[in-house]
Amino acid sequence: MNLPTSQFCVLPWISLEASPIGTVRPCCLADDEIRDSNGHKFNLQTARFADIQNSPDTQTLRGQFLAGQRPETCRKCWSEEDSGRASKRMHTLDRLKHMLNNETQWDLAAKPLMFLDLKLGNICNLKCRICGSWSSSTFATEELQTLPADQRKTSFHYQMLQDGAWPRSSTQFWSELADNLHHIRYLEFTGGEPLMIQEHFDLLQSLIDAGVAAQIEIHYNTNATQAPTPAAQEIWSHFGHVEIAFSIDDVGPRFEYQRTGAEWTQAQRTIELFRSLRGQRRNMSLQVCSTVNVFNVWHLAELACWIDTQQFDFVYWNIMHDAPEFSIANLAPAVKARVRDRLSQAQVSKLHQQEFARMIEFMAQGTSDLSGSMLARMQVLDQRRGQNLAQITPEWAEIIGYA
């Protein structure tokens, strides 16, 4: 693929990410939402795709990439690349290379939208500790219940519940999608929990009806609580490829603690059901996406060993950036030293060892110590949910000073 620079990213030309509340970014890791010429955030309930693609924000971003610069909004990718990890920018180039024309001329002009990352609201049945009201309706509901009744409807969490319903109140978005169906080559559905969101199945059916499903690849991030229904299986059979990525950050009781509302045995059954389905359908692959954060970093070796027994087609070690208090980059220096020693001595496969080394490098880049806010947030959630980190993982709780 002929690219203008070694630090080039194709996403500002060919992609849009719909957030759970309907705002738009060039990708899920970009810091900044795209704004119009008046400085207002675009919202997919009212915005036209062409206006977003041709906005000053997007034009500026393209210009920075054409000039070989590192845009600030893309700092998460740069920090991962600086630690030796393959970033989303790099993964995307690799994933889409067979879809991109080698003769494409890259200039400031937008290209047809071939990649859509769609978070069609924040409907979710879990309240994971690294999540929040932005991405989980269950988390937002829990937060609301902690507020006095007279403050609930003016709160951020109530607003997230309202804004997270945007796919069910928007006609503009679905009209824009209908106009772009023939350009789409790759779809990502993340969360909320996408397999609970009926509108995404309606979209897939419209692609089948339009006769373009076979040219489209789909990627899911799912929390492993939703079994593959017969209706879903029939829909997926029409698409070029379907990749199911399970969000599994730990095993056993620690998995249940971190992803409140999930059951480990149920998650294992769900994965087994999809594994059986993969054996029946040539167009399906399975992935595990494990997000490295302050809750699971001490037990990554055990998670890695479990992963090696599951016959996944791809393993992706994701790095937690937001919320920053739960990022391993912002642990206290003494804690980082303990984590570094543990990861570097872990008895895991060579591929996991290489990833662990990159995690250590990423962790070392952090210069902030947010352990105070980390511990405070942990304690708030424990008190609210009747749980105790020290009972789930006593050694780690002692190391970080959890009381």
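This is a predicted model: local features need pLDDT of at least 70, side-chain atom pairs count only at pLDDT 80 or more; totals for chains, interfaces and linings use all residues.

Trainee: Where is the place of Q365?
Mentor: Q365 is in helix 15, residues 350-365. Helices here are DSSP runs of H or I with at least four residues, strands are runs of E with at least two, and both are numbered from the N terminus. Residues are numbered from 1 along each chain as its sequence is written, and side-chain values use heavy atoms, with hydrogens and water left out.

Trainee: Why is Q365 called partly exposed?
Mentor: Buried means under 20% relative accessible area, exposed means over 50%, and partly exposed is in between, with a 1.4 Å probe and protein chains only. Q365 has 30% relative accessibility, so it counts as partly exposed.

Trainee: Which residues does Q365 touch, not counting those up to four places away in sequence?
Mentor: They are S79, D82 and S83, where contact means heavy atoms within 4.5 Å. S79 is 286 residues from Q365 along the chain, yet their C-alpha atoms are separated by 8.0 Å.

Trainee: What makes N283 buried or exposed?
Mentor: Its relative accessibility is 12%, so N283 counts as buried. N283 lies in the loop between helix 12 (264-280) and strand 9 (284-292). Leaving aside neighbours within four places in sequence, N283 has contacts that include W236, F239 and G240.

Trainee: Why is the pair of Y220 and W236 called edge-to-face?
Mentor: Rings of Phe, Tyr and Trp (its six-membered ring) pair if their centres lie within 6.5 Å; planes under 30 degrees apart count as stacked, over 60 as edge-to-face and the rest as tilted. For Y220 and W236 the centres are 5.7 Å apart and the planes stand at 65°, so the pair is edge-to-face. Y220 lies in strand 6 (residues 217-222) and W236 in helix 10 (residues 230-236), so the pair ties together parts 16 residues apart in sequence. Both residues, Y220 and W236, are buried. They also belong to one aromatic cluster, whose members include F189, F201 and W306.

Trainee: How many aromatic pairs does a search of the whole structure find?
Mentor: The search finds 22. Among them is F49 with F173, edge-to-face at 6.2 Å centre to centre and 65° between the planes. This pair links distant parts of the chain, with F49 in helix 2 (residues 49-53) and F173 in helix 8 (residues 172-180), 124 residues apart.

Trainee: Which residues other than glycine have a positive phi?
Mentor: A224 is one of them, with phi of about 70°, and Q311 is another, near 60°. A224 is in the loop between strand 6 and helix 10; at 1% relative accessibility, A224 counts as buried. Q311 has 55%, so Q311 counts as exposed.

Trainee: How do you know that the radius of gyration agrees with a compact globule?
Mentor: The radius is taken over C-alpha atoms, and the globule rule is 2.2 Å times the number of residues to the power 0.38. For 403 residues a compact globule would be near 22 Å, and the chain has 21 Å, so the value agrees.
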